[in-house]
Protein chains: 2
Amino acid sequence: MKRVLLTGGTGFIGRQAVRFLAERGFEVHLVSRKQESGRKMGIHCHQADLFDEETINDLLKKVRPTHLLHFAWYAEHGKFWDSSENLRWVAASLSLLLNFAAAGGKRFVGAGTCAEYDWTDGHCVENQTRLTAQSLYGVCKGGLREIAQKFSEQAGLSMAWGRVFHLYGPYESPARFVPSVIVPLLNGEPALCTHGQQLRDLLHVEDVASAFAALLDSEVTGPVNVASGRETPLKDAAALIAERIGRSDLLRLAARPAAADDPRRITADVKRLRDEVRWRPKYDLESGLQEAIDWWKEHGFKEAGPARRRVPS
Amino acid sequence: MKRVLLTGGTGFIGRQAVRFLAERGFEVHLVSRKQESGRKMGIHCHQADLFDEETINDLLKKVRPTHLLHFAWYAEHGKFWDSSENLRWVAASLSLLLNFAAAGGKRFVGAGTCAEYDWTDGHCVENQTRLTAQSLYGVCKGGLREIAQKFSEQAGLSMAWGRVFHLYGPYESPARFVPSVIVPLLNGEPALCTHGQQLRDLLHVEDVASAFAALLDSEVTGPVNVASGRETPLKDAAALIAERIGRSDLLRLAARPAAADDPRRITADVKRLRDEVRWRPKYDLESGLQEAIDWWKEHGFKEAGPARRRVPS
């Protein structure tokens, strides 16, 4: 019996992960601060605060998960990079991992980030590219990964670490890149972008979630980039969105300055994900962006616009 | 007013640090799980568990320390390298640092270790030698340092990190290298050593404590090796001890195999400590070892021997 405890299961990636885990035969136990009514979907929901070690420990002893998929973190857009909340999440994650191992857990997969890498070159290869995080978020995720990996080796725990790159899709903050183009255009307003020459690896959040489920269900260990492997200039993605919406006339590239420290390139080598985890995305960029456009059409683009005038990279 | 909260103040280094802090004009607040009766020495003792965040937070708000000197950690000889307690101490240390900053703290100094460095070459230089810790202890100390340093930069906290090398002196576990030679020889028994060709940097614990007090009282930031700068083959230190005790006849070099992974060399560059902190040791190797011999003569070498037959390096 594969039994997974899923943290952050109501968040951006986690909410998408539930069904992929269920499809792979996991008995899914979702832990969340909020009361969830997920039992009808065949998953088990537990209301608990990850900062309350005692309650979490009791939950682990009761559920006895074989697997732990840990997405929960502080993720408020624009604030998470520098927030001291990152330190609290390192501490809570270490407690969680210790108690999971003590309760007989076998495999742990955590959510890392491309921000763990040095971005000087910008092409990120696991176990090769230097890990010189620039942000507190990247340093905390990287520090947690290193400690968790060493601990897992010693405790006989199988452990992998999915490094998330640039993702988009349902329930995304309207201030993030993809909705910052979609929402104004759907509202018939100009989409004010930077030069858009930044190279990024964009992946639909549903694919990110499905890749994590595949990673959890594999025996692959260590860091694994979770990305498409395709390098896209942001201006091309913006142009594609505008074309699909039929408002290329409203796309304004170079209407705003990019941040001084905005990296030219952040792209991913995906050999491990493709050849070791043997995972393939469902969406390519075109179909993924179309899906995102359709979602915003159905889910309140009017309320979300005018989008905040900031294009994160 | 300089007001320091000292953790681990009843431990191997911390107990020695109290008077150096007082000499430098710090109002010393010692926090310990055990009840201490230090008020008579002019220091303030607080009984609290560093794992009890609420109590520690109340203490910080009451004391409002300007400085934090953090020695507390899991340190049981022979066990601390691999123990999962290291993870709990990372978590507790992050909470402590966050709450110290929130309570208006200005400067944090933590105790790191030479085990944070890659030992391939063995000569360790701050901000230069690769940080590839081999042990869970080293990984946890290194991860904490990296997170604390980034957080401090952002929070406007001044922070330094003293990396401790090989120390010896009063109240040391009899299983550690220096007492493992002193104790049997004082008991008229043979001291069974390894080949002793390991190169180490040995520093008397009183000097380690005095260096930390100087570091805390300086404005130097980042990692600083706390060591003598002198490279000593362990066999020379053993010979010196035997000679001082007058029992060179009982010294048995190469009587036991060294551990297969025992590093040939672990030595320290001390430019930062000497030129930036402007600190000098009180003891050289000869006077330091003599002091250790005298301490064991007065403090139960009979009860401690026969020493456990293990020479840590």
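How many residues does the contact take from chain B, and how many from chain A?

Author: This is a predicted model, in which local features need pLDDT of at least 70 and side-chain atom pairs count only at pLDDT 80 or more, while totals for chains, interfaces and linings use all residues. Residues are numbered from 1 along each chain as its sequence is written, chains are lettered from A and ligands numbered from 1 in the order in which they are written, and side-chain values use heavy atoms, with hydrogens and water left out.

The contact (heavy atoms within 4.5 Å) takes 20 residues from chain B and 20 residues from chain A. Between them the two chains bury about 1900 Å², and 74% of that area lies on carbon and sulfur atoms; buried area here is the accessible area, found with a 1.4 Å probe, that two parts lose on being put together, summed over both. Of the area that chain B buries against chain A, 29% is supplied by B:Leu87, B:Ile147 and B:Lys150, more than by any other three residues.

Two helices of chain B, α3 (85–102) and α4 (136–155), each supply at least two residues of the side that touches chain A, where helices are DSSP runs of H or I with at least four residues, and strands are runs of E with at least two, numbered from the N terminus. The largest share of this side, nine residues, comes from α4(B). By class, the side of chain B that touches chain A has 11 nonpolar, five polar and four charged residues; Ala, Val, Leu, Ile, Met, Phe, Trp, Tyr, Cys and Pro count as nonpolar, Asp, Glu, Lys and Arg as charged, and the others, Gly among them, as polar.

Across the interface of chain B and chain A there are zero salt bridges, a salt bridge being a side-chain nitrogen of Lys or Arg within 4 Å of a carboxyl oxygen of Asp or Glu. Four residue pairs, both residues at pLDDT 80 or more, are in polar contact between the chains, that is, they have a pair of N or O atoms within 3.5 Å, one able to donate a hydrogen and the other to accept it.

Finally, the cysteines: the whole structure has zero disulfides over all chains, a disulfide being a pair of cysteine sulfur atoms within 2.5 Å. B:Cys140 is in no disulfide, and the nearest cysteine sulfur, that of A:Cys140, is 14 Å away. B:Cys140 counts as buried because its relative accessibility is 0%, and buried means under 20% relative accessible area (1.4 Å probe, protein chains only).

How values were computed: Buried means under 20% relative accessible area, exposed over 50%, partly exposed in between (1.4 Å probe, protein chains only). A polar contact is a pair of N or O atoms within 3.5 Å; within protein, one must be able to donate a hydrogen and the other to accept it, and residues adjacent in sequence count only if both atoms are side-chain atoms.
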